Structure formats: C-alpha cells, structure tokens
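The sequence and structure come first.

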Amino acid sequence: MTNTAAVPGVPPAPLSLPARFIGIITAPKETFQAVAAHPRWLGMLLVCTILVAVCTALPMTTEAGKEATLKQQVEGMESFGMTVSDQQYERMRAGMAFAPYTTGGFIVIFSPIISVVIAGVLFLIFNVMMGGERTFKQMFAVLIHAGVIQTLGALFTGPLNYFRGAVTSATNLAVLLPMVDPKSFVGRVLAMTDLFLIWYLLVLSIGLAVLYRRRTQPIAWTLYGVYAA
C-alpha cells in the first residue's frame, strides 16, 4: 500500500472498501491516514455490522448452540440474584427457536447506535476537552474502520462456535489457560480479556493518534485502563 501521506502537502489517495478492510489489518496507520482524508464510513459500517450479526447468530442455528445460549441467559439472570422458575425456563426455551433472528436483528439495529454514542464520547474528549479540530464524520469513520478487527474476531469465533456448539468467546485468555479455575477471580479476569478486543483497542488507538496527530502509546494505555476498570 502506498503511503502518500508521508509526502508533505499531498493528501493520501482514497482507498476502495476492500483495500480499507485489508489495510486496517495489515497497515492500520497508512489506512487511517486515507480514512481521515476521505472519511467514508457507510459501506464499512454495513459490511462489518452484517458480518458480525451473521457470525454471532450462526451458532444459535444448532440445537447445541441454543442450549448454550439458554444456559448463558439463565446463569446471567441468576448472577443478578434472580430466580428462574420452571415456567420462565420453558418460555425461554421456546424462545430459543427465534434466537438467531432476534440476536442478528438486535446487532443490526443497535450496533450503529452504540457506535454513534462511542464516537460522540471520543469526539467530546478529543475535540472539546483536548482542543482537537477534527470533524465528527472523521471520528466516526475512524471508529467504524477500527471495527474491522472486531469483525475479524466474529469471523473467527462464529464458525468455530457453530461446530463446537457454544456461544462463549473462543479467543479469551481463559481458553488459553484452562488450568485456571474459571470461577476464581483470576479465571473471571482471564475470561473477560479477549485477544481480539485488545487488538481492536490498539488499532483504535492508532486511528485516533493518526486523526489528532498524537502519540499512539498514551492513547492505547488510556483505553486499556478504561477496559481494565
């Protein structure tokens, strides 16, 4: 990929959607330079949202995946002190027939909304609090393109969960360290530490650093700190 941004006074050339998707993985800095100069986001938003929705819903098309989803929902409710009665359990089990569609639809509808909210918070921090001079469109484009990494994670985890009949993350540190008790504090921390999410935060940090011409390291440590908290 040619980095025309390195030439003073010459803006980087616009990149095609496939070039931007691959570039975020292989050359994020150069790709973000092109994104900042030409903040097109709609095509990437549609591609990433649809792929994540399909891959997330895919495991729920199997009976094992539906059972895993039901178990996860019950455990989540019980973790908040709720008691699931037999009648509630049967209603939840019946609702599993629609789980792939409701899950996919939820992602398609709410993922863009959540992205707008996150972009708004970052825009407030970098533009208002830190005196940046970039547009919201540029910020939103950077955030959406960083989501390529999350999409890549879904493309990896979705088919894998389909064949193993699970809906939990297959890329967190708990999977790599099965000797740790999953119910212990350390086990829970490892289960919440997803490798693709760490990668995503790093790529997002690179994008923000390119957009606001700042160093990547302080931004990355701040995002990791927020994630850890």
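**Briefing**

P28 is found in helix α2, where helices (H or I, at least four residues) and strands (E, at least two) are DSSP runs, numbered from the N terminus. The model is predicted: local features need pLDDT of at least 70, side-chain atom pairs count only at pLDDT 80 or more, and totals for chains, interfaces and linings use all residues. Residues are numbered from 1 along each chain as its sequence is written, and side-chain values use heavy atoms, with hydrogens and water left out.

**Surroundings of P28**

- P28 has a relative accessible area of 16% and is therefore buried; buried means under 20% relative accessible area, exposed over 50% and partly exposed in between (1.4 Å probe, protein chains only).
- Not counting residues up to four places away in sequence, P28 touches G23, V203 and I206, with contact meaning heavy atoms within 4.5 Å.
- From C-alpha to C-alpha, P28 and A146 are 8.6 Å apart in space, although 118 residues apart in sequence.

**Overall make-up**

- The chain holds 12 helices and 0 strands.
- Along the sequence the pattern reads α-α-α-α-α-α-α-α-α-α-α-α.
- Of the 229 residues of the chain, 38% count as buried.
- Taking contacts between residues at least 6 apart in sequence, 64% join residues at least 24 apart.

**Nonpolar cores**

- A nonpolar core is a set of buried Ala, Val, Leu, Ile, Met, Phe, Trp, Tyr and Cys residues joined through side-chain atoms within 4.5 Å.
- The largest nonpolar core has 35 residues, and those with the most contacts inside it are F32, L122, F126, M139, Y200, L204 and L208.
- At least two residues of this core come from each of α1 (17-26), α2 (28-37), α3 (42-57), α6 (99-129), α7 (136-146), α8 (148-164), α11 (195-212) and α12 (216-228).
- The helix that gives the most to this core is α11, with 11 residues.
- L122 is in contact with M139, L143, L204 and L208, leaving aside its neighbours within four places in sequence.
- A second, separate core has 7 residues, among them V74, V84, M92 and M96.
- In soluble globular proteins, nonpolar side chains tend to be buried together.

**Helix packing**

- Two packed helices are described by the angle between their axes and the distance between the axes.
- Axes here are lines fitted to C-alpha atoms, for helices over the stretch in contact, and angles run from 0 to 180 degrees between N-to-C directions.
- The axes of α8 and α11 cross at roughly 160° and come within 8 Å.
- α8 is therefore roughly antiparallel to α11, given that angles under 35 degrees count as roughly parallel, over 145 as roughly antiparallel, 65 to 115 as roughly perpendicular and the rest as oblique.
- On the α8 side, I149, Q150, L152, G153 and F156 meet F196, L197, W199, Y200 and V203 in α11.
- α1 and α2 have axes 6 Å apart and pack at an angle of about 140°.
- The pair α1 and α2 is therefore oblique.
- R20, G23, I24, I25 and T26 of α1 make this contact with P28, T31, F32 and V35 of α2.

**Cysteines**

- A disulfide is a covalent bond between the sulfur atoms of two cysteines.
- Searching the whole structure gives 0 disulfides, a disulfide being a pair of cysteine sulfur atoms within 2.5 Å.
- C48 is buried, at a relative accessible area of 8%.
- C55 also counts as buried, at 9% relative accessibility.

- Q138 is found in helix α7, and Q138 counts as buried because its relative accessibility is 15%.
- Leaving aside its neighbours within four places in sequence, Q138 is in contact with A36, P39 and L211.
- Q72 lies in helix α4 (residues 63-79), and Q72 is partly exposed because its relative accessible area is 40%.
- Q72 is in contact with V167 and T168, leaving aside its neighbours within four places in sequence.
- The C-alpha atoms of Q72 and T168 are separated by 8.6 Å, and these residues are 96 residues apart along the chain.
- R213 sits in the loop between α11 and α12, and R213 counts as exposed because its relative accessibility is 73%.
- Phi of R213 is near 55°, which is a positive value in a residue other than glycine.
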